[in-house]
Every structure is written in C-alpha cells, then in structure tokens.
Amino acid sequence: MSDTHAESVAYVRDTMLKPQPAPAGESGAIRWLRENLFSGWLNTLLTVLGVLTIYFFVSHFASWFLHGVWKADSLAECRKIITAEYGQGATGACWAVIRDRWHQFIFGFYQRELYWRPVLTFLLLFVAVGPVLFQWVPKKLIWFTPIYPFLAVWLLWGGSVWGPILVAVGFVLAWIVFSLVGRYGSIAGFSAGAIVAILFWMFGVSPLAGILHAAIPLGIEPVESAKFGGFLLAITLGAGGIVMSLPLGVVLALGRQSDMFLIKTFSVVFIEFIRGVPLITLLFVASLLLNYFLPPGTNFDIILRVMILVTMFSAAYIAEVVRGGLAALPRGQYEAADALGLDYWKAQRLIILPQALKISIPGIVSTFIGMFKDTTLVAFVGLFDPLKGIPDFIRADFAWKGIYWEPFVFVGAIFFILNFAMSRYSMHLENRLQRDHR
Amino acid sequence: MKKSVFFGALTAAALAAGVAGAATLDDVKSRGELICGVNTGLVGFAAPDANGNWSGFDVAVCQAVAAAVLGDPSKVKYVPTTGQTRFTALGSGEVDLLARNTTWTYSRDTDLKLQFTATNYYDGQGFMVRKDSGVTSAKELDGASICIQTGTTTELNLADYFKANNMSYQPITVDSNAEGEQQFLAGACDAYTTDASGLAATRAAFANPQDYVILPEIISKEPLAPAVRQGDDQWTDIVRWTIFGLIAAEEYGVTSANIDELAKGTENPEVNRMLGTEGDLGAMLGLDKQWLVRAIKANGNYGEIFAATIGEQTPIGLARGLNAQWTQGGLLYAPPFR
C-alpha cells in the first residue's frame with residue numbers, strides 16, 4: 001500500500017465532529033434581542049424609550065388595577081375598602097360598579113325577565129351569518145339567513161308576530177312582481193316591485209296585521225325602544241346598519257359608474273352629500289327634525305330612525321370603497337364580460353363584483369368597525385349608548401357618583417373584543433379568497 | 001325611486017302636522033300615559049336605579065302631574081333629553097312636559113316659545129375651589145382657570161360675572177359634570193362652577209370632601225321650572241297648579257300621611273277647596289275633584305319630596321334656603337286656591 005498510513009500523519013479524524021451549539025451571542029434569546037431590539041444605535045435608543053414608556057404606564061396604572069374592588073355597594077364603600085387594605089392615599093379601581101350595573105351596560109332598561117330574548121337573538125345572529133361567512137358551516141342553513149332579520153326584530157321588540165311576517169310578505173310580493181314584470185326589462189321590474197312593496201307596507205301591513213292578530217293572536221310581550229340601551233342598542237344599530245348598508249353601498253357604487261344620467265347624478269349627490277355632513281348632524285335630523293315633519297303622535301321609532309340614517313351614512317362610505325375596488329379591476333375584465341355576451345347584471349354578478357368586493361374587503365371592514373364605534377354618538381340624541389349614556393345615568397345615582405374610568409375601561413374592552421374579532425375575520429376572508437400567487 | 005316616495009310622505013305628514021290640534025290633555029288621556037322629558041341623569045333630580053325605575057326631584061313633578069291627570073303616578077314615560085335636545089323635544093311634541101332642571105329665562109320663554117309653569121327649585125351658580133388654594137371669595141378668582149360645562153346658562157353667567165367685576169379668567173370647557181369633576185380633581189382648573197345644588201352633590205361624592213370648599217357667592221339666579229309648549233293654556237294651568245298645589249300643601253300641613261284624613265273635610269276652607277270637599281276647582285282645569293289629592297299622594301307635598309330626594313337627610317344634603325316657604329323666609333309662595 002502507500003507510504004501514507006495512519007502512523008505517518010500526526011492525526012486523522014475518522015469520526016464526524018459533534019455539532020456544537022452556536023456561540024452564546026448568536027443564538028436563542030440573545031440573538032433575537034440583538035437582531036430585533038439592539039441592531040444599531042437608533043434601534044437601541046428606541047428600545048430603551050419603548051421600555052421606559054411601558055414602565056411609565058405600568059407603574060402608574062398597575063396599582064390601580066391591582067387594588068380593584070369587586071364587592072361593594074357604592075363608591076364610598078369601595079374607597080373605604082381600598083383604604084383599609086392598602087393604606088391611606090392608595091387608589092384602586094372600583095369594579096363593583098360593573099358588578100352592580102353590568103346588566104345595564106349590556107341591556108339598558110330591557111326587562112330582566114326578558115333578557116333571554118336579546119341573548120337568543122345574538123346567538124341566532126351567528127347561525128344566520130354562519131353560512132355566509134364560513135365555509136365549514138353547512139350551506140343548507142342559508143334558508144335561515146333571510147328569515148333572521150324579521151325574527152330578530154320580533155324577538156327584540158316583541159308584540160304581535162304578524163307585523164314582521166307581513167313586512168317579510170312585502171319582500172316576497174316585490175320579488176313576485178319583479179319576476180313577472182322583469183321580463184320587460186330589469187329596471188321596469190325593479191321599479192314595479194319596489195312600488196308594490198312600499199304601497200303594501202304603507203297601507204297593507206297595519207290593517208292586515210290587526211285583522212290577523214285578532215283572528216290568531218300570536219305574540220310575545222312588547223318592549224318599547226326607550227328600554228333599549230348599552231351594548232344591546234349599539235349592536236342592534238351596528239348589525240342593522242352593517243347588514244343594510246353593504247347592499248345599499250354596492251348599489252350606489254354601481255350607480256355612480258352607471259351611464260344613465262339620472263342614476264349617476266342621484267348616486268353622486270347622495271354619496272357626496274352624506275359624506276360631506278357629520279354623522280352628528282344626521283343623528284340630530286333623525287331625532288329632532290323628522291319630528292317636525294311627521295304628524296304629532298306619529299310613532300316613528302327613534303331606533304329605526306337612527307338606524308336608517310346610520311345606514312345611509314355608512315352606505316355612502318361603502319360606496320366609495322367599492323368604487324375603489326371597481327376602479328382597480330383591469331378594463332379587460334369588463335370587456336371579457338361583454339365578449340361573453342353577458343348582460344349588465346350577469347356581468348356584475350359573475351365577473352365584476354366578486355373581484356371588486358374582494359379587493360375592497362379591508363376598506364369595507366374598516367368602515368363597519370368605524371360605524372360600529374360611531375353608534376356611541378347616539379348619546380347626543382338622548383339614547384343610552386354604552387360609553388356615555390349608561391355611565392352618565394349610573395353616575396346620577398349618588399352611590400356611584402364620581403366613578404369615571406371604570407366604565408370606560410369596561411366598555412372599551414368589550415368594543416375592542418368585538419372589533420378585533422371583525423378585523424381578524426376580514427384577514428381570514430382575505431386569505432381564503434386569495435386567488436393569485438398561490 | 002324609494003326617495004321620492006319618502007319625501008312625498010314627509011310632505012303629506014308636514015301638512016297633517018299643521019292641522020293637528022293642541023289639546024295636550026286629551027292626548028295624554030287618550031294615550032293613558034304622560035310623556036315627560038327628564039335629564040339623562042342628574043343626582044337627586046332625575047336618576048334611574050338598577051332596575052330602570054326613575055326617581056328624583058324633577059321626576060316627582062312628572063309623577064304628580066300623571067297622578068292628577070291619569071290617576072296613577074306610575075303612568076309616566078320618561079324620555080331622557082340632553083341639553084341640546086330638550087327644547088326641540090318639547091317643541092316638536094315628543095314630550096308633553098319638560099321637567100329637566102331648566103332655567104327660566106327671558107329668551108327661552110319668548111323666543112323659544114316655551115311656557116314655564118312654576119319654579120320648583122331656586123338654584124344659583126356657585127364655585128368650588130381646593131381648600132389649600134386659600135381662596136375664600138369668588139372676588140379673588142381673578143386670572144383663575146375655571147372648569148365649566150358648555151351649552152348651559154352657567155357659561156354665560158360666568159362671563160357676565162367676571163366682566164361685571166372687571167376680572168379675567170381662563171375657561172376650561174367640559175362636556176359633562178363627570179368630566180368637570182375629573183378635570184377639577186386632576187388640577188386642570190383652579191375652580192369648578194355649576195349650579196349650587198350640583199356643587200353640593202359633587203363635593204359630597206369626592207374621596208376627601210373636606211379638602212374642597214364651596215365659595216359663599218352665588219353669582220346668578222337660576223329658577224328651575226318645568227316647561228310646556230306655548231299655545232295650550234289649559235295644559236299649562238294643569239302643570240302650574242299641580243306644582244302650586246304641592247307647595248300649598250306643605251304650607252297648610254297637608255302631607256301624604258294625613259291626606260286621607262283631611263280629604264274628608266277640615267276646618268280650613270282653602271284646604272277643603274284644594275282637596276275637593278268644597279267647590280269644584282278641578283272642573284275649571286278639566287279634571288275631577290280629587291286631582292290634587294292624588295297629586296299629593298304620589299310623593300307627598302313639596303317639603304316631603306324635597307326631603308326625600310335632595311334634602312339634608314340625603315347624601316346630597318341641600319338646605320331649604322331660598323326653597324323654603326315664604327312663611328319660613330324662602331321664596332315659595334303659592335297663589336290662593338279659590
């Protein structure tokens with residue numbers, strides 16, 4: 001064999017080296033810290049500032065949170081307990097007000113024995129939107145979705161079951177007329193359907209409901225709108241506004257792009273007018289100005305009035321968001337739809353809107369979140385919103401006078417949970433609908 | 001398309017509104033319910049409890065009127081109104097009666113077409129300062145920063161007072177009483193000003209009330225009076241004389257405890273006329289003979305209502321002061337029932 005053998009070289013390694021852990025500075029938490037927090041003098045400075053800011057807030061508010069009192073009957077009792085436990089001058093949160101009045105934050109003045117109704121309505125809301133929002137929900141449930149709005153109104157406001165049923169019948173009538181007249185043109189069909197439905201609602205519903213209720217009295221205890229408050233009010237307004245403003249917004253966006261002069265003008269004027277006016281103004285119109293137009297004694301429900309104007313407000317914004325989505329579509333998509341020989345509605349339904357709406361999802365959800373938070377503005381027209389209306393009257397009880405931050409923290413936390421859920425859902429939807437770059 | 005129908009309906013409705021009559025009493029009776037505009041929440045004056053039942057000094061007026069007109073003090077629907085919405089709510093007919101600690105002023109009476117019925121509380125604007133500031137009189141507040149609610153008469157009074165005394169101040173405007181308290185406690189302003197009744201309640205709710213003083217000066221007249229719409233004199237009279245009735249009942253010693261006894265007839269002819277055992281004063285208002293008996297039974301006479309809601313035995317602890325009977329050196333003076 002050759003001269004080179006094991007004895008003639010100093011050392012030959014015949015096994016692999018065992019892998020060594022990375023140097024301390026290049027691994028684990030230290031590396032993460034170095035790369036993410038201290039990667040340069042600017043980032044180091046920012047990190048230090050950030051930590052100081054967090055320390056500032058925690059050191060100021062931690063004791064307030066930690067000293068929280070949950071069991072007391074008044075603010076004075078809270079203070080007494082905090083002083084007794086943590087010494088003179090200690091501050092603490094008086095969560096007892098939430099414990100004592102949580103039901104008013106959630107339900108307003110809704111009768112306690114009827115709380116099951118809003119709770120059931122809220123749970124059924126997920127059954128109704130489930131098939132629309134999530135793929136894993138059985139599609140058969142979709143039949144429940146169009147029934148739900150009427151069921152929800154009946155459950156929340158109570159009264160005779162015939163009112164909501166007849167309003168629903170109005171929609172069915174409109175659809176029948178639309179499909180009959182629609183042969184002679186979709187606009188004629190739509191107009192005829194709308195006219196029939198509105199006439200039916202204006203003149204048919206209340207006498208018919210009276211007759212039917214006399215024949216078959218089927219109803220639950222009515223609850224007037226004045227009893228609505230807190231999150232029940234906010235969610236009713238928010239959910240109602242969201243459900244109605246999306247279709248209205250899409251129609252307005254299409255109207256604004258229409259070639260027909262009247263429709264285009266109307267859409268533009270509506271959108272620009274509503275967007276140019278503060279929501280507060282519209283709320284004052286809803287609560288005050290309409291009263292002057294309507295005959296005295298007309299019971300045009302205040303929540304309905306506010307909901308209509310909130311819907312119009314957010315529909316104007318949705319319309320612009322959707323218009324952005326429409327504008328982002330390449331012209332080829334429109335031309336392709338024309339080349340396939342699709343008529344206007346089919347082209348919109350099958351090709352344009354699915355793509356435009358997908359692009360608009362973040363904007364639409366932002367508008368919804370904004371609108372849901374804006375429902376707290378109804379405090380200015382004397383409705384009991386959870387943020388100002390409810391805490392204000394709780395403070396009017398001498399036991400809780402002087403309470404300030406606790407309701408804000410509580411209500412803010414609930415708003416955050418609801419809005420964060422909406423935001424996460426929209427991200428989920430964006431991912432699901434992702435069709436490019438797979 | 002939907003719009004045109006909507007506006008058509010509005011026009012028709014506006015025409016109908018012009019034709020409608022003004023007889024509030026008939027409306028209330030046929031509805032079976034008095035709609036009363038109240039504060040969205042003011043300690044002692046109007047506040048709903050944990051079950052949503054309203055009580056308070058202003059609420060008692062609503063209940064007395066409901067008792068007089070409908071025979072049941074519980075037949076009241078309370079419509080919470082804000083400082084901005086209250087007058088429109090009354091003017092548009094949304095409420096029958098506005099019992100919402102509202103100051104009776106010239107322009108509200110004339111320009112806003114309100115009819116103030118009778119003063120049920122004489123208030124006035126005061127100041128609260130921290131004790132360690134050493135301020136003992138409002139005259140020493142020159143240059144001070146002052147927390148004040150916007151949109152109220154207190155804002156105007158403050159400007160008038162400082163101008164009249166040739167002093168300057170820096171207003172820190174707040175939206176609500178609760179916010180004002182927070183600003184004042186946090187040291188954002190040297191003084192907090194609002195109606196004296198509100199100041200007393202605010203101070204009583206502080207963690208350390210002894211560290212704050214209410215200055216002796218009352219810089220304005222704030223006669224708080226329930227209001228109704230102009231143009232329905234009968235309804236105005238009903239509300240006005242219900243309040244006078246509660247005041248007179250205290251003067252003549254008619255209480256919720258002894259009213260059943262007195263309603264059988266007394267030595268005093270005026271009490272007899274009030275309680276319907278002599279003459280028929282109720283008919284002149286369009287009501288029955290027992291109207292005032294029911295109104296007094298609802299929550300007691302004026303003194304009883306005061307003691308139960310804002311008086312010295314309550315945490316708010318207001319003294320009668322100007323709101324004592326004229327015989328006790330106060331301003332309460334009900335015209336004769338005859």
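This is a short exchange about a predicted model and the terms used to describe it.

Trainee: How do you know how residues and chains are named, and what makes a feature count?
Mentor: Residues are numbered from 1 along each chain as its sequence is written, and chains are lettered from A and ligands numbered from 1 in the order in which they are written. In this predicted model, local features need pLDDT of at least 70, side-chain atom pairs count only at pLDDT 80 or more, and totals for chains, interfaces and linings use all residues.

Trainee: What is the mean pLDDT of chain A?
Mentor: It is 87, and 96% of the residues of chain A reach 70 or more. pLDDT is the predictor's confidence in each residue, from 0 to 100. Among the elements of chain A, helix α11 (residues 279-293) has the lowest mean, 81. Helix α10 (residues 261-276) has the highest, 93.

Trainee: Why are α14(A) and α16(A) called roughly antiparallel?
Mentor: Their axes come within 10 Å and cross at roughly 170 degrees. Axes are lines fitted to C-alpha atoms, for helices over the stretch in contact, and angles run from 0 to 180 degrees between N-to-C directions. Angles over 145 degrees count as roughly antiparallel, under 35 as roughly parallel, 65 to 115 as roughly perpendicular and the rest as oblique. Therefore α14(A) and α16(A) are roughly antiparallel.

Trainee: Which residues make the contact?
Mentor: Among them are A:Ile361 and A:Phe368 of α14(A), and A:Phe415 and A:Met422 of α16(A). Residues are in contact if their C-beta atoms, placed from the backbone, lie within 7 Å.

Trainee: How is chain A divided?
Mentor: Into domain 1 (24-66), domain 2 (97-110 + 225-432) and domain 3 (159-220). These bounds come from an automatic or database domain assignment. The C-alpha centres of domains 1 and 2 of chain A lie 39 Å apart.

Notes. Helices (H or I, at least four residues) and strands (E, at least two) are DSSP runs, numbered from the N terminus. Two residues are in contact if their C-beta atoms, placed from the backbone, lie within 7 Å.
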